[in-house]
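Here are my notes on this model, as promised. Have a look at the structure, then go through the points below.

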Amino acid sequence: MENQFAETVLEFFHKQEKSVRLGILEYYAFDPPEGMYLFWSASKDERLSENAQKASVILDNFFCSKKNNYVSFELAHRQTAKIFKRLYLDRVTPTYFDYK
C-alpha cells in the first residue's frame, strides 16, 4: 500500500506546473509547528514563499479529495514528507529555495 501511495503522490507531483512543484518541495523542507500537518496553516506561514503557500493549498485539496484512499490527512502528509525528503530534499542545498 505504501508503494501505491508513493506512486499516486509522485504522479500528482509530476503533473503540476514547475512553480507548484518547487512550492511542494519547499513546503516539505519545513517542519510543521508542533509536528502536526493537520494544524499547520501553511498558506499563511511567513517562512514559506508564495509558491509554497499556494502549493500547500493544492496539496491539502489533493489529500482531501483522496480521503477514502488514505488512512488520514496527517498520515498522508507525513508519508509524502518522507518520500520527498528521501527522493529530492536530502540532495538540495539550503540556497535552493532562495528564488523568491
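Which helix is A6 found in?

1. A6 is in helix 1, residues 2–15. Helices here are DSSP runs of H or I with at least four residues, numbered from the N terminus.

2. Before going on, some ground rules. This is a predicted model, where local features need pLDDT of at least 70 and side-chain atom pairs count only at pLDDT 80 or more, while totals for chains, interfaces and linings use all residues. Residues are numbered from 1 along each chain as its sequence is written, and side-chain values use heavy atoms, with hydrogens and water left out.

3. A6 counts as buried because its relative accessibility is 14% (buried is under 20% relative accessible area, 1.4 Å probe, protein chains only). Q79 is 73 residues away from A6 in sequence, yet their C-alphas are 8.1 Å apart.

4. Q79 is one of the buried residues of helix 4, among them also E74, H77 and F84. Helix 4 covers residues 73–87. E74 is buried because it has 11% relative accessibility. Skipping neighbours within four places in sequence, E74 is in contact (heavy atoms within 4.5 Å) with G35, M36, Y37 and L38.

Technical notes: Helix = DSSP H or I, 4+ residues; strand = E, 2+ residues; numbered from the N terminus. Buried < 20%, exposed > 50% of the residue type's maximum accessible area, 1.4 Å probe, protein only. Expected span 1.5 Å × (residues − 1).
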